Amino acid sequence: MLNTTKDYDAFGLLDGNRKVSRSHVRELKRLITSNGNLSDKFPIKVNAEMQILDGQHRFEALKDLGLEIVYEVIEGANINTVRAINLGNRNWDWKDMAISYHELGNEEYGWFLNYVAEYDLPFLVALA
């Protein structure tokens with residue numbers, strides 16, 4: 001069940017979880033400002049003590065922007081749960097983004113992907 005609040009003080013950080021990167025929070029604030037508060041689709045995950053399990057960067061960005069927090073309580077979760085979940089996660093890299101744009105019809109990304117593959121270049125070298 002999803003819950004909503006602007007009571008930012010109700011939340012706490014979970015000891016042993018990843019530390020908050022202010023540069024990542026700034027980037028998320030920029031994305032949220034451009035795309036809206038999507039936390040109803042990607043809620044902050046907390047344990048029964050309201051410690052953030054997943055989404056501490058999104059939480060900080062939403063808090064800085066004064067927006068509502070949408071969160072879900074995950075009963076019985078702890079730092080071991082967080083570690084297990086994050087070991088299985090993989091963020092999109094430049095190639096995932098390029099393939100996505102190309103599959104949606106942006107031919108320039110297809111050209112770039114072929115260029116990288118043909119000359120076996122690292123991303124930054126090909127970009128330069």
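Modeller: The buried residues of helix 1 are V25, L28 and I32 (buried: under 20% relative accessible area; exposed: over 50%; partly exposed: in between; 1.4 Å probe, protein chains only). Seen down the axis, these buried residues fall within an arc of 60°, so they line one face of helix 1 (arc: of the directions from helix axis to C-beta atoms). This is a predicted model, in which local features need pLDDT of at least 70 and side-chain atom pairs pLDDT 80 or more, while totals for chains, interfaces and linings use all residues. Residues are numbered from 1 along each chain as its sequence is written, and side-chain values use heavy atoms, without hydrogens or water.

The face of helix 1 turned away from the buried side carries the exposed residues R26, T33 and S34. On the buried side, the cover over V25, L28 and I32 includes helix 2, residues 56-65. Helix 1 has 14 residues, which should span 20 Å at 1.5 Å a residue, and this agrees with the 20 Å between its end C-alpha atoms (expected span: 1.5 Å times one less than the number of residues).

Just after helix 1, G36 takes a positive phi of about 90°. Further along, S39 sits in the loop that leads from helix 1 (22-35) to strand 3 (44-46). S39 is buried despite its place in a loop, with a relative accessible area of 5%. Neighbours within four places in sequence aside, S39 is in contact with L62, E68 and V70 (contact: heavy atoms within 4.5 Å).

Now the rest of the chain. It has six helices and five strands (DSSP runs numbered from the N terminus: helices H or I, at least four residues; strands E, at least two). Their order from the N terminus is β-β-α-β-β-α-β-α-α-α-α. The radius of gyration is 18 Å, well over the 14 Å that the globule rule gives for 128 residues, so the chain is more spread out than a compact globule (taken over C-alpha atoms; rule: 2.2 Å times the number of residues to the power 0.38). Along the principal axes, the C-alpha atoms fill a box of roughly 55 × 30 × 25 Å. Of the 128 residues, 28% count as buried. Among contacts between residues at least 6 apart in sequence, 72% join residues at least 24 apart.

The structure holds nine aromatic pairs (Phe, Tyr and Trp rings, the six-membered one for Trp, with centres within 6.5 Å; planes under 30 degrees apart are stacked, over 60 edge-to-face, the rest tilted). Y101 counts as partly exposed at 41% relative accessibility, and Y109 counts as partly exposed at 31%. The rings of W111 and Y115 also form a stacked pair, with centres 5.2 Å apart and planes at 10°. Both of these residues lie in helix 5 (residues 107-119), four residues apart, about one turn of the helix. W111 is exposed at 56% relative accessibility, whereas Y115 is partly exposed at 29%. Elsewhere, Y8, F11, F59 and Y71 form one aromatic cluster.
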